[in-house]
Amino acid sequence: MDASQWHVFHRQLTQLSQRQRLISIDLLRDDPSRNTGIAVIEQAAQAHLQCPACSSTHFHRHGHANQLQRYRCVPCGKTFNALSGTPLAHLRHKERWLAYAGCMLNSFSVRKAAQQIQIHRNTSFRWRHRFLSLARTDRPHCLHGIAEADEMYVPESQKGSRHLTRPARRRGGKARQRGISNDHICVLVARDRTGQTIDFVTGPGQLTKAKLHSCLPPVIDRDILLVSDGHPAYPVFAREAGILHEAVNLRAGIRVRGAIHVQNVNAYHSRLRQWLRPFHGVATRYLPNYLGWRWILDAKRILSPESLLRATLGTFPHLSVT
Ligand SMILES: [Zn+2]
């Protein structure tokens, strides 16, 4: 635009209605990320593009809709796009997703993220959990060598539920009974010495050998050395599963015997606890999402908003061989 055109344009700007003004602001602010965001979505989907109705990979391009390439399935005739069948299908404001992914990498609260990118806080909350539903599955397949396992407990929370099955607690609050009861949800974390970490929400109440049997065997090497604290469930589980096990007797003040310690998993727990604190108690049904979010931050595999947006669509950074 030359100087004289700009002069006219500039004068016209003052005549914009409130609505036109807001649209213009949006356009100016989002233009670069709008294009990159769409490009990331289209590119991430390419690897596993298929018809969500019949799973066919025989399809043709079929125009554009909602800023995205549309495809038409040859066998069944249904149309779809890069987001069909993903957690982000049918969500609006695609041009703000990259910025939102940035907020997640900064662990922003629902409210802060909403303010930052100018969406309603209910939208911010919905996006948070849509973003995490697939991204949280970026986990190591198996632990090797020495694996430390330890459990931690968080208060059970029905935050956000319409029908409480018990009296409400304020802001996370304290459980009704002392010690570990069904008011506590057990989170089991296992971490090997390469830093690969897997966690499980084992449900209300104390950790048991049955819970260990259902969680650990699918994700640990048969010749692993399992290290735990003195909780009685571990040795029983290990014996029954035929796995080598060593315990550190923390009560007797013995924290380390050579390579036998649980300091890595304990450090993971403490980072997790500290990170959870500003959320003021998370709803138990969303706990796996928060654990996945914490792992995303801790593992440092997903470092950019682009890479988080790709993970949200199920395309993860290449796994390092473990
Ligand atoms: Zn089809």
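This is a predicted model: local features need pLDDT of at least 70, side-chain atom pairs count only at pLDDT 80 or more; totals for chains, interfaces and linings use all residues.
1. The zinc ion is held by protein donors that are the SG atoms of Cys51, Cys54, Cys73 and Cys76, lying 2.3 Å from the ion. Along the sequence these donor residues follow the spacing C-x2-C-x18-C-x2-C. The angles that the 4 donor atoms subtend around the zinc ion run from 101 to 121 degrees, which makes the arrangement tetrahedral.

2. As for cysteine pairs, the count of disulfides comes to 0.

3. Strand E5 (184-192) is mostly covered, since 9 of its 9 residues are buried. In a regular strand the side chains alternate between the two faces of the sheet. In E5 both faces are covered, with His184, Cys186, Leu188, Ala190 and Asp192 buried on one side and Ile185, Val187, Val189 and Arg191 buried on the other.

4. The partners of E5 deserve a look in the structure above. E4 pairs with E5 in the antiparallel sense over 9 bridges, and within this pairing aspartate 150 has valine 189 of E5 as its bridge partner. Strand E6 (residues 197-204) also runs antiparallel to E5, to which 7 bridges join it, and here arginine 191 stands opposite threonine 197. E5 and E6 form a hairpin with 4 residues between them, and in the turn glycine 195 has a positive phi of about 95 degrees.

5. Helix H7 (residues 233-241) has as its buried residues Ala233, Tyr234, Phe237, Ala238 and Ala241. Seen down the axis of H7, these buried residues fall within an arc of 120 degrees, so they line one face of the helix. The elements that cover them include strand E4 (146-155), strand E5, helix H6 (209-215), strand E7 (225-228) and strand E8 (244-247). After H7 comes glycine 242, whose phi is positive, near 70 degrees.

Methods: Residues are numbered from 1 along each chain as its sequence is written. Side-chain values use heavy atoms; hydrogens and water are left out. Donors are N, O and S atoms within 2.8 Å of the metal (3.2 Å for Na, K and Ca); water is not among the atoms, so sites may look incomplete. Four donors count as tetrahedral if all angles lie between 85 and 135 degrees; four count as square planar and six as octahedral if opposite donors are over 155 degrees apart and all others between 65 and 115; anything else is irregular. Buried means under 20% relative accessible area, exposed over 50%, partly exposed in between (1.4 Å probe, protein chains only). Helices (H or I, at least four residues) and strands (E, at least two) are DSSP runs, numbered from the N terminus. The arc is that of the directions from the helix axis to the C-beta atoms. Contact means heavy atoms within 4.5 Å. A disulfide is a pair of cysteine sulfur atoms within 2.5 Å. Two strands pair if DSSP finds at least two bridges between them.
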